[in-house]
Amino acid sequence: MKNESQTIQTFSIADVINPNLIKMEMEANSKEEAITELSELLYENQIITDLAGFTQDVFARETEGMTGIGHGLAIPHGKSDSVKKTSLVIGKTKRPLEWESIDEAPVQVIILFAVKNTDANTMHIKLLQKVAMLLADESFIDRLVASGTKDQMMTLLAKDPMAEN
């Protein structure tokens, strides 16, 4: 059996995302619309069973602290009984959206975490750790925001955060 650090080392964001969970030209005009639009994508892909329940859980989490991490990126998340499989869904907006953000700048890329309640202490932490490692690199964020296709986003997200650029 693998120990926890080995599991984190071999875990890849690519394990929880696929091109069906990326939306390149979101219609949203607000943070609320963006979260709902990405949640609908999770529902359509049968990742969540209750659209209203999941979005309610995400909005509840949003009241606990800002999820805009700067450089045009936000990472909202919801732990919910309605999540069937811990996943990420990513959206890129047509226009920057107002969002509570560390740098007070609008957001253009949203990575929404959908976390199964039973995974809340393991998979969620692994996901956050991998994403945090990638997002610690400002040039990575800039490349993600500049991505023009789903393939470009998938390639960036599948990157090993420990590897050199």
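The entries below cover confidence, salt bridges, one histidine and one phenylalanine.

**Entry 1: ground rules.** I noted that this is a predicted model, in which local features need pLDDT of at least 70 and side-chain atom pairs count only at pLDDT 80 or more, while totals for chains, interfaces and linings use all residues. Residues are numbered from 1 along each chain as its sequence is written, and side-chain values use heavy atoms, with hydrogens and water left out.

**Entry 2: confidence.** I looked up pLDDT, the predictor's confidence in each residue, from 0 to 100. The protein has a mean of 84, and 82% of its residues reach 70 or more. Where is confidence lowest, and where is it highest? Helix α1 (residues 4-10) is lowest at a mean of 44, and α2 is highest at 97. Over residues 1-8 the pLDDT is below 50, and this stretch has seven contacts in the model beyond near neighbours in sequence. A contact here means heavy atoms within 4.5 Å.

The helices (H or I, at least four residues) and strands (E, at least two) I mention are DSSP runs, numbered from the N terminus.

**Entry 3: salt bridges.** Side chains of opposite charge can pair when their charged atoms come close. I used the cut-off of a Lys or Arg side-chain nitrogen within 4 Å of a carboxyl oxygen of Asp or Glu. How many salt bridges does the structure hold? I found four.

One of them joins the side chains of K23 and E37, at 3.0 Å from N to O. K23 sits in strand β1 (residues 22-26) and E37 in helix α2 (residues 31-44), so this pair ties together parts 14 residues apart in sequence. For burial I took buried as under 20% relative accessible area, exposed as over 50% and partly exposed as in between (1.4 Å probe, protein chains only). K23 is partly exposed at 30%, whereas E37 is buried at 10%.

Next I checked E27 and K94, whose side chains meet in a salt bridge at 2.7 Å, N to O. E27 is in the loop between β1 and α2 and K94 is in strand β5 (residues 87-97), so the pair ties together parts 67 residues apart in sequence. E27 is partly exposed at 45%, and K94 is partly exposed at 40%.

Then came K31 and E100, with a salt bridge of 2.4 Å, N to O. This pair links distant parts of the chain, K31 in helix α2 and E100 in the loop between β5 and β6 (107-116), 69 residues apart. Is K31 buried or exposed? K31 counts as buried, at 9%, while E100 is partly exposed at 45%. I also saw that K31, E62 and E100 are linked in a network of salt bridges.

**Entry 4: H77.** I found H77 in strand β4 (residues 77-80), buried at 10% relative accessible area. Its side chain makes a polar contact with the side chain of R61 at 3.1 Å. A polar contact is a pair of N or O atoms within 3.5 Å; within protein, one must be able to donate a hydrogen and the other to accept it, and residues adjacent in sequence count only if both atoms are side-chain atoms. The backbone oxygen of I75 lies 2.9 Å from a polar atom of the H77 side chain.

**Entry 5: F140.** My last stop was F140, in helix α5 (residues 138-146), which counts as buried at 1% relative accessibility. Which residues does F140 contact, leaving aside neighbours within four places in sequence? I listed L134, L135, L156 and L157. The C-alpha atoms of F140 and L156 are 7.7 Å apart, although the two residues are 16 apart along the chain.
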